Amino acid sequence: MRAWVLLSAVLSYLTGVGWQRSALHNKKGFIYGTQGRPVKIYVKLRDDSPILACMDFTRAKKETVDPTYLWIGPDENALTGNERINITNTGKLMVKDFLEPLSGLYTCTLSYKTVKTETQEEKTEKRRYDFMLFAYREPDYSYQMAVRFTTKSCIGKHNDLLFRVLKKILNNLISDLTCHVIESSYKCHFVKIPKHGLMHELFIAFQVNPFASGWKAACNNSIDCEDVTNHNILQARDRIEEFFRSQAHIFYHNFNKTLPAMHFVDHSFQIIRLDSCRPGFGKNEVLHSNCASCCVVCSPGTFSPDVDVTCQTCESARNYGAKSCP
């Protein structure tokens with residue numbers, strides 16, 4: 001039976017009727033350094049980093065004689081090419097399969113010569129470029145929703161029955177998406193309606209969450225499981241929105257304007273997206289303004305133990321991505 005039909009039947013019975021990110025890319029996809037300040041770069045977990053060029057954009061447009069490049073990694077050791085680190089003979093760096101511990105400061109020193117045409121006198125010049133690389137994940141989405149239903153009275157079992165039936169219907173709508181309704185509640189209020197006097201209304205609130213039983217299996221071993229769970233929760237959101245649109249339609253078009261005492265209040269559906277981050281990640285719009293919507297790896301001195309939104313201070317946390325405070 002269609003969900004909106006089922007709820008309509010219950011109501012009648014009760015009443016009796018949902019990046020790599022940097023501003024310094026050039027057309028070839030390289031990211032150039034800037035002397036005097038680090039360039040912040042955000043690399044999605046398990047993706048390859050963008051290609052970092054060991055020079056600034058101005059220098060890249062000029063002739064460079066006898067260039068040499070020295071890359072230093074976050075552990076302050078010189079980087080050499082391996083299965084994860086790719087360094088070209090022109091000094092370009094790419095980090096493959098980026099993980100939390102690979103976050104940190106990458107420094108490149110460019111050495112080159114200037115030659116005076118008249119005397120052939122050579123002089124060695126050096127320039128240093130700093131790149132701050134941060135692993136990030138997309139946030140996990142959930143949705144806080146609210147609706148209102150009219151009711152005959154704030155006293156009686158019919159309100160609780162409606163609430164339980166509605167919750168069951170919504171869970172059935174989205175169960176195949178491994179989503180479920182949590183933190184649901186309702187309160188009954190007197191509402192003064194223009195031209196209608198006082199009415200009783202149920203203010204119902206609930207959260208739709210993508211981590212119902214079996215959600216890990218639904219990822220099908222996907223490395224980036226939040227892409228799967230976020231896709232599912234967006235579908236769940238759309239189904240629930242359509243369900244309440246159907247409620248408005250059936251009562252206004254199938255009951256000849258004679259509504260049951262308990263019915264959905266048209267235009268009362270409200271929805272807000274809530275973001276959370278996995279352990280070891282958090283949001284910081286000040287520190288990471290270029291990736292404000294991202295869950296960025298917690299920096300040393302901070303940690304995140306659960307699905308919170310921010311990294312907490314912990315002086316003893318020494319590594320990127322700390323999930324506890326030692």
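This short talk goes through disulfides in the structure above.

A word on the source: this is a predicted model, where local features need pLDDT of at least 70 and side-chain atom pairs count only at pLDDT 80 or more, while totals for chains, interfaces and linings use all residues. Residues are numbered from 1 along each chain as its sequence is written, and side-chain values use heavy atoms, with hydrogens and water left out.

The structure holds six disulfides, a disulfide being a pair of cysteine sulfur atoms within 2.5 Å.

Start with Cys54 and Cys108, whose sulfur atoms are 1.7 Å apart. The link is left-handed, with -95 degrees about the S-S bond. Cys54 sits in the loop between strand E3 (51-53) and helix H2 (57-60) and Cys108 in strand E7 (residues 104-115), so the pair ties together parts 54 residues apart in sequence. Helices (H or I, at least four residues) and strands (E, at least two) are DSSP runs, numbered from the N terminus.

Are these two cysteines buried or exposed? Cys54 is buried at 1% relative accessibility, and Cys108 is buried at 0%. Buried means under 20% relative accessible area, exposed over 50%, and partly exposed in between, using a 1.4 Å probe and protein chains only.

Next, Cys154 and Cys188 form a disulfide with sulfur atoms 1.9 Å apart, left-handed at -75 degrees. Cys154 is partly exposed at 29%, and Cys188 is partly exposed at 22%.

Last, Cys314 is joined to Cys325, S to S 1.9 Å. The torsion about this S-S bond is about 85 degrees, so the disulfide is right-handed. Cys314 is buried at 2%, whereas Cys325 is partly exposed at 39%.
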